[in-house]
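Take a look at the structure below. This short report covers charged pairs and paired strands.

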Amino acid sequence: MDEYDFVLIGAGLSGVDAAYRLKTQLPDCSYTILEARDKIGGTWSFFNFPGIRSDSQLTLFGLPWRPWIHEKDIAEGHLIQEYIEDAARDEGIDKKIQFGHQVTGISWSSEEQRWTLTVRVEGLTKKCKAKFLVASSGYYDYTKPLQAEIPGIENFRGTVAHPQFWPQDLDYANKKVVIIGSGATAATMLPLVAKTASHVTMLQRSPSYVFSLPANSGVGTWIKRHFSEHVAHSINWWRCLIEEHIFVFFNLLFPNAARKLFMSLAKKQLPESVDVNVHFNPKYKPFDQRLCFCPDGDFFQALHQDNCDIATDHIEKVTEDGILTKSGVKLEADIIVTATGLHVQILGGITPIVDRQPIDVATCYNWRGVMLTGVPNAGAVMGYTTNSWTLGADASIKLIIKVWKHMKKVGATSVVPVREQDDLALSRPVVSHSSTYFVLAQNRLPRITGESPWYGRKNTVYDHLKLWFGSVTKGMRYTIPSKREQ
């Protein structure tokens with residue numbers, strides 16, 4: 001049976017970054033990456049709906065140690081996929097990936113001080129062992145989307161498509177399309193579908209904030225042209241980091257002013273026929289849910305076309321040839337796209353077994369956004385929901401490495417977060433977004449109190465200050481063999 005110091009689950013952007021940090025900061029440690037699919041890239045090799053792209057600047061969303069060389073900073077999915085593949089190949093990380101290895105079970109033995117992973121490979125089952133487990137497969141289920149209740153959808157005679165499982169042969173040219181949803185996916189699809197569809201309507205139950213960003217940064221492009229690759233990357237990285245944090249903190253500190261700004265900018269870019277107060281005035285504060293970014297205002301430009309519109313309404317029922325809304329409007333459709341969200345899960349949906357006892361992660365407390373109470377030698381690499389994802393994922397693996405180094409320093413073979421008070425009534429979910437798919441997942445998410453060390457992902461400034469100066473012993477119990485034997 002193969003045994004490793006670290007086993008990483010998932011070979012997406014977060015998994016490749018985690019592997020690089022292990023490779024460079026713990027060169028004497030062995031590791032492997034178990035990837036259920038046959039491709040590297042995670043989200044960027046999995047989703048293939050029309051127009052898939054980043055909604056963050058790749059200077060920050062990309063790997064911190066790998067410059068993003070393209071001029072376009074909000075980029076299409078295939079460019080991000082190629083970028084991840086190139087990074088993994090150049091660093092030799094691709095040789096550490098075992099494709100077609102789906103982890104179906106994880107079991108910790110205090111006696112062995114090891115994890116045993118059950119893995120399905122080509123219909124067969126095999127096992128491997130690890131001293132430390134790192135979940136880097138994100139926060140959603142690859143096998144099923146959020147099951148939104150759409151009354152009468154079974155009556156529709158046209159095509160129903162979900163972005164998570166987009167049919168490769170679906171031709172929407174000269175077809176009437178209704179996209180149900182108001183999030184980033186719907187805002188991404190609308191401009192591209194509108195280019196060839198006879199008509200497309202984005203039907204949202206409630207509005208979202210939509211904000212236009214330049215796909216190419218003039219300043220960033222100038223810097224890339226006048227400095228060496230790595231110097232330019234460093235300058236642009238810090239520039240984007242400062243800009244993003246100022247933007248996020250402005251939204252969080254002055255939500256009313258931010259709302260007015262978003263609505264004012266949207267109104268300037270929309271046709272007069274689209275009422276900004278109806279369609280772009282959410283009930284929630286900015287960043288209570290993720291903002292929808294559109295490169296060069298492509299979303300707003302699409303709404304100037306005669307074949308493109310937006311409707312804010314509830315669905316009464318789906319008919320054979322379209323959707324009837326609560327207000328009595330009939331939206332004719334040949335294709336209905338259900339961009340209604342993701343099915344959120346932690347640890348790839350796997351229930352950890354500790355000394356033969358299953359652990360319900362929803363009853364666990366989250367230690368500094370990485371580890372769970374009662375689950376030894378295991379961490380989750382998670383990104384930010386308000387800032388660029390990869391900044392948080394990178395902070396996660398750095399913290400895991402710091403914990404590992406402390407284990408080696410004190411001669412420990414395992415570490416587990418412990419919390420004396422476990423009154424869940426005084427806690428809240430680790431992610432407090434008001435997006436429907438996060439709200440519906442609250443009974444599957446770990447808990448936090450907001451007080452150190454029981455908090456989730458914060459922001460890169462806070463997390464790095466804690467990384468440098470924070471304690472890796474507060475709220476943690478280390479097992480040292482000599483003391484354990486005594």
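## A salt bridge in a helix

Which side chains meet in a salt bridge at 3.2 Å, N to O? Lys398 and Asp394 do. A salt bridge is a side-chain nitrogen of Lys or Arg within 4 Å of a carboxyl oxygen of Asp or Glu. The two residues lie 4 apart in helix H11 (residues 389-410), so about one helical turn separates them. Helices are DSSP runs (H or I, at least four residues) and strands are too (E, at least two), numbered from the N terminus.

Lys398 is buried at 19% relative accessible area. Asp394 is buried at 3%. Buried means under 20%, exposed over 50%, and partly exposed in between (1.4 Å probe, protein chains only). Arg21 joins Asp394 and Lys398 in a network of salt bridges.

## How the model is read

This is a predicted model: local features need pLDDT of at least 70, side-chain atom pairs count only at pLDDT 80 or more, and totals for chains, interfaces and linings use all residues. Residues are numbered from 1 along each chain as its sequence is written, and side-chain values use heavy atoms, leaving out hydrogens and water.

## A strand with two partners

Strand S5 (residues 114-121) is mostly covered, with 6 of its 8 residues buried. S5 pairs with strand S4 (residues 102-109) in the antiparallel sense over 7 bridges. Two strands pair if DSSP finds at least two bridges between them. Thr118 in S5 is the bridge partner of Gly105.

S5 also pairs with strand S6 (residues 124-135), again antiparallel, over 7 bridges. Their hairpin leaves 2 residues between the strands. Glu122 in that turn has a positive phi of about 50 degrees.
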